[in-house]
Structures are given as structure tokens and as C-alpha cells.
Amino acid sequence: LASRDFHPDSTIVDVDGVQIGGGNVVVMAGPCSVENRDQLLESAFAVKEAGAQILRGGAFKPRTSPYAFNGLGEEGLKLLAEARELTGLKIVTELMDLENLDLVAKYTDIIQIGARNMQNFPLLRELGKINKPVMLKRGLSATIEEWLMAAEYVLSGGNKDVILCERGIRTFETATRNTLDLNAVPVVRRLSHLPVIVDPSHGTGVAAYVPAMSKAGIAVGSDGLMIEMHPNPAKALSDGAQSLTIPQFHALMQEIKALTAAL
Ligand code: PEP
Ligand code: MN
């Protein structure tokens, strides 16, 4: 069902009026984690003002250490809903387990499935039964075929609104957190009709490299970008090193607009 042979036309996922796929470049941006009301609302207004369409922010965080900040849970979801109310932005946030599916689905416009859960097959099967767009991030060491098969789990349950997100893979390289596999964009585009977006923040792990790889993502034909930004990256509770400041995000959005206007 994910294959372009089966479905020659590119799928456009309609997120309550925001179309993802079919050549549009949609920008999702916001902090890695929802930390508190001020942090989220300041981010949300900046995302809106810069001209992006979707606000990101994690309320359930998959952290390497169990002692690290694990997210605000439902309180974070409520803050995201408030930010949507105030700005008109759509929301994308991560769901980590079956237990919280109904809760997360109640608040968000797009359910993000993180790299660590890309092959959580029971979770993917349940997502197939709901009527809500799913953004499936590529697993840390997943091949493109495994990633498309994971999408197949959702599609085969009847949910056609799957967005893929390339977020970098594990390689031997240590200068960056991950290696952003931009090959994946044209490969996925040829093999599948599903929209594919690029996450240069997790793909590099370094804020200084995010603008270049954002523009590269657009150049290779992605349907959008997911970018982490924070009002004060040095104080961020997660992923500060890869988060743009608000002025940096504004500057990048100007470049993105110039680039997409030229496409
Ligand atoms: C995130 O988007 O903050 C995140 C945890 O991403 P990934 O699952 O790609 O590591
Ligand atoms: Mn993050």
C-alpha cells in the first residue's frame, strides 16, 4: 500500500487545511520538549510569525537516560492545545506507547512516532485504526525498506494519512549526532507515494549545520522540514545543542521562502 506501483499519484495528507505532500514545503518547528507555558507560547508565536504552519513539541520524551527530563505528559499536551488556540498553528507531538494513544490523539493534529518506536508493531497496528495523520520517523538504524514496511503496518489498518520523516541514521561518523540520509528523499519518492519530510535538527545534532541541511532537504525534494528551535537553547531541557534561537529560525525561514519561491 505504501508503494508507488500501487498508488502512482503522490499522497497529500490534509492536516485540517494544511496540505503535506505533492510539492508543497511545509515547516514544522518548535522546541524539542514542552517545558513550561512561557517557553511554549514564546516559541509558538515565533513559529507563527516566521510563517511556519505546524508547531512541534514533545510532551512524552524518549530520553536515553531514565533520569533525564521525560516530558510534562498531559500538562504538555494541554499547553500545545492552548498554543494552537492562540496561534492557529497545527500541532505535532510524539506518542510513545499504546497506553497514551487516546490521550495524545485527543490533543494533537499529527501523531509523531519517534525513531525508537518505528518498529513498535503493536503501536503501528493501533495507529492504523484511527483517523488521524501519523508522522513516522525513520529508525536509528532502519533501512528504507524497513521504514516503508513500518508505514505499511499503519496503512494496512486503514489509516491512509502517513507522513515519513528522515531524521538521520547511525553511521561511523561522530562529528554529527546522526548522518542525515538525504538519499532517502529521492529513493522514497520513487518507491512510495507518501510525503517525506526532513529533520535536519536530529539529522545533525548541531544548530550550526541546521540551515545548510534544511536547504539541502528542500533541494532534494522533501515535502517539508521539522526544525527544533528554543527561546534559550542553552537552557533547554533537551536537544539544546541542535536548537536554533528565535532570530536564527526567522533568518532561516527567510532563506526557505526564497528557495521555495524559486522552485
Ligand atoms: C524528537 O523529534 O524530538 C525526537 C525524539 O526525534 P527522534 O525520534 O527522531 O529521535
Ligand atoms: Mn529532539
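Okay, let's start with D239, which sits in the loop between β10 and α9. Before I go on, remember that this is a predicted model. So, is D239 buried or exposed? Its relative accessible area is 19%, and the cut-off for buried is under 20%, so D239 counts as buried. The backbone of D239 deserves a look too: phi is near 55 degrees, a positive value, and this residue isn't a glycine.

Now, who reaches over to D239? That's S243: its side chain comes to the backbone oxygen of D239, at 2.7 Å. S243 is found in the loop between β10, residues 224–228, and α9. Its relative accessibility is 3%, so S243 is buried as well.

What does S243 touch, if we skip its neighbours within four places in sequence? The list is A207, E228, M229, H230, P233 and Q248. Take A207 from that list and find it on your screen. Along the sequence, A207 and S243 are 36 residues apart, yet from C-alpha to C-alpha the gap in space is 5.5 Å.

Next up, the helices. Please find α8, residues 210–219, and α9, residues 246–262. At what angle do α8 and α9 pack? About 20 degrees, and their axes are 10 Å apart. Angles under 35 degrees count as roughly parallel, so that is what we call α8 and α9. For handedness, the crossing of these two helices, α8 and α9, is right-handed.

Which residues do the meeting there? From α8 we have V210, P211, S214, K215 and I218. Over on α9, their partners are L252, E255, I256, L259 and T260. Sort the residues of this α8–α9 contact by class and you get six nonpolar, two polar and two charged.

Last stop, D16. Where is D16? Look at the loop between β1, which is 13–15, and β2, which is 18–20. Here's another positive phi in a residue other than glycine: for D16 the value is near 50 degrees. Is D16 buried or exposed? With a relative accessible area of 58%, D16 is exposed, whereas D239, back where we began, is buried at 19%.

That's my tour, so over to you for questions.

Terms used:
Residues are numbered from 1 along each chain as its sequence is written. Chains are lettered from A and ligands numbered from 1 in the order in which they are written. This is a predicted model: local features need pLDDT of at least 70, side-chain atom pairs count only at pLDDT 80 or more; totals for chains, interfaces and linings use all residues. Side-chain values use heavy atoms; hydrogens and water are left out. Axes are lines fitted to C-alpha atoms, for helices over the stretch in contact, and angles run from 0 to 180 degrees between N-to-C directions. Helices (H or I, at least four residues) and strands (E, at least two) are DSSP runs, numbered from the N terminus. Angles under 35 degrees count as roughly parallel, over 145 as roughly antiparallel, 65 to 115 as roughly perpendicular and the rest as oblique. A crossing is left-handed if the near helix is turned anticlockwise from the far one by less than a right angle, and right-handed if clockwise. Contact means heavy atoms within 4.5 Å. Ala, Val, Leu, Ile, Met, Phe, Trp, Tyr, Cys and Pro count as nonpolar, Asp, Glu, Lys and Arg as charged, and the others, Gly among them, as polar. Buried means under 20% relative accessible area, exposed over 50%, partly exposed in between (1.4 Å probe, protein chains only). A polar contact is a pair of N or O atoms within 3.5 Å; within protein, one must be able to donate a hydrogen and the other to accept it, and residues adjacent in sequence count only if both atoms are side-chain atoms.
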